[in-house]
Amino acid sequence: MSETLSEKQPGTEVVKEKRLFSLDVYRGLVMTLLIAEAAGVYVALSELGPHWARVIAEQCMHPAWDGMRFWDLVQPAFMFIVGVSMVFSMRKRAAQGQKWSDRFAHILVRCFILFLLGTGLHCIYAGELVFELWNVLTQLSVTILIAFLIMELPFWVQLLISLALIGASDAAYRFILIAPYDQPFTPGENFGSYIDMLLMGHLNSDNWVAFNAIPSAAHTIWGVLAGRALVRTKDPIRGVLWITLFGLVAIGVGYGLDAIGYAPIIKRTCTGPFVLISGGWCLLALAAFYSLIDGLGFRFGGWIVAVVGMNSILIYMIAESFTYSWLNPKVGIFVVGWLTMAGVNEQLAVLVNALVVWLLLWLLCVWLYRRKVFVKI
């Protein structure tokens, strides 16, 4: 998906397209972190031994229930970046003469494919046919559709709708109390768990809920709003300032709601404070990437992660399908085997093996990029 800013040359009607390399880097960084998880890097770090390694590994894993760590920001960033990209993609399609109905048909097909990919991954995880809706791709299939349907409405209307989705979700947890799913902030006993029982007949062992697609739609909507702020203001700096202010306010309100006891910060059910805080950090990250890369021209080394984001869905499917269960142990036959024979500590050998698998996934992305192979949905 191409992300560009349109610039009219003085005295002409020619539109020059300037690619947002900052968004490529942002997306690529998120995907690079995700494939590192699939390669087993964080698990290997947690078992390495030194305190510093455990601290890093802990920040790259979700907390058991409430609280927030760095890793809790990765999925929101993925969904947020999709929203930003939608602005550029839909503007390009509109400029090519596509009607709204044609763009809507494209979005429907895209969401359907994402839904199939997401549910298909759950079948791969389980090793059998199952119907489960917890994967980020199934969540995206909902958030993209919601964001698209409202993306041509005025800015403040979209913002209010996003806040309404967060508020409606929180209200459902508080006021739709059907025993034994009548504990708003208790794992497996909340409204989201009730919806999962209705949809799938069972609960997630890690307490994720499919209903997260509703409040987390705010992340994709905010991505759309941030994209609009960059392309519709005469001065992009003004757009960056608005994005930064919006992000700071969201983070402040989120932590404030947690502090006054409105709701805890829980990613697994996407409580209001979590959505606000994580969305705020996504906004600040975009502002920082845009300012440094597209604003100040600091591009050194950005391609290293950008190439991973060029085939984000493809590399995600590859990483999630067989990396940890097949590629990691196969590579380990040689890497772990040789290192342990050489007297290297087993935990360190496992970490090196995970890093090698991570490198192989990255090299695959480089290979695809150099051959201009881009799988887009």
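Buried residues make up 49% of the 377 residues in the chain, where buried means under 20% relative accessible area, exposed means over 50%, and partly exposed lies in between (1.4 Å probe, protein chains only). The structure is a predicted model, in which local features need pLDDT of at least 70 and side-chain atom pairs count only at pLDDT 80 or more, while totals for chains, interfaces and linings use all residues. Residues are numbered from 1 along each chain as its sequence is written, and side-chain values use heavy atoms, with hydrogens and water left out.

The overall form comes first. The chain has 14 helices and two strands; helices (H or I, at least four residues) and strands (E, at least two) are DSSP runs, numbered from the N terminus. Along its principal axes the C-alpha trace spans about 70 × 55 × 40 Å. A compact globule of 377 residues would have a radius of gyration near 21 Å, and the chain agrees because its own value is 21 Å. This radius is taken over C-alpha atoms, and the globule rule is 2.2 Å times the number of residues to the power 0.38. Of the contacts with a separation of 6 or more, 70% are between residues 24 or more positions apart, a contact being heavy atoms within 4.5 Å.

The interior can be described through its nonpolar cores. A nonpolar core is a set of buried Ala, Val, Leu, Ile, Met, Phe, Trp, Tyr and Cys residues joined through side-chain atoms within 4.5 Å. The largest core holds 89 residues, and the members that touch the most others are Phe 80, Leu 137, Trp 222 and Leu 286. Helix α4 (residues 74-95) supplies the largest share of this core, with twelve residues. Apart from this core lies another, of six residues, including Tyr 173, Phe 191, Val 209 and Phe 211.

Which residues does Phe 80 contact, leaving aside its neighbours within four places in sequence? Phe 80 is in contact with Tyr 26, His 219, Trp 222, Gly 223, Ala 226, Cys 282, Leu 283 and Leu 286.

Two further buried positions lie in helices. Ala 287 belongs to helix α11 (residues 272-295) and counts as buried because its relative accessibility is 5%. Beyond its neighbours within four places in sequence, Ala 287 is in contact with Val 240, Ile 243 and Thr 244. Ala 287 and Gly 239 are 48 residues apart in sequence, and their C-alpha atoms are 8.8 Å apart in space. Ser 169, in helix α7 (residues 155-175), has 1% relative accessibility and therefore counts as buried. With neighbours within four places in sequence left aside, Ser 169 is in contact with Phe 211 and Pro 215.

The empty space is considered next. Rolling a probe the size of a water molecule over the atoms shows where empty space is left. On a 1 Å grid over the protein atoms alone, a cavity is a set of points where a 1.4 Å probe fits but cannot get out, and a pocket is an open set with protein on both sides within 12 Å along at least five of seven lines; lining residues have an atom within 4 Å of a point. Grid points are joined across faces, edges and corners, and a volume is the space filled by probe spheres set on the points.

The largest pocket contains about 1200 Å³ of space. Among its 45 lining residues, Glu 37, His 62, Tyr 125, Trp 208 and Glu 320 are the closest to its centre. Helix α13 gives the most to this lining, with seven residues. The lining of the largest pocket divides into 24 nonpolar, 15 polar and six charged residues; Ala, Val, Leu, Ile, Met, Phe, Trp, Tyr, Cys and Pro count as nonpolar, Asp, Glu, Lys and Arg as charged, and the others, Gly among them, as polar.

There is one cavity of 30 Å³ or more, and the largest cavity has a volume of about 40 Å³. Its lining consists of Asp 170, Tyr 173, Arg 174, Phe 185, Thr 269, Cys 270 and Thr 271.

Finally, some backbone details deserve attention. A cis peptide bond, with omega about 0°, joins Ala 179 and Pro 180, and Pro 180 is found in the loop between α7 and α8. Asn 207, in the loop between α8 and α9, has a positive phi near 70° although this residue is not glycine.
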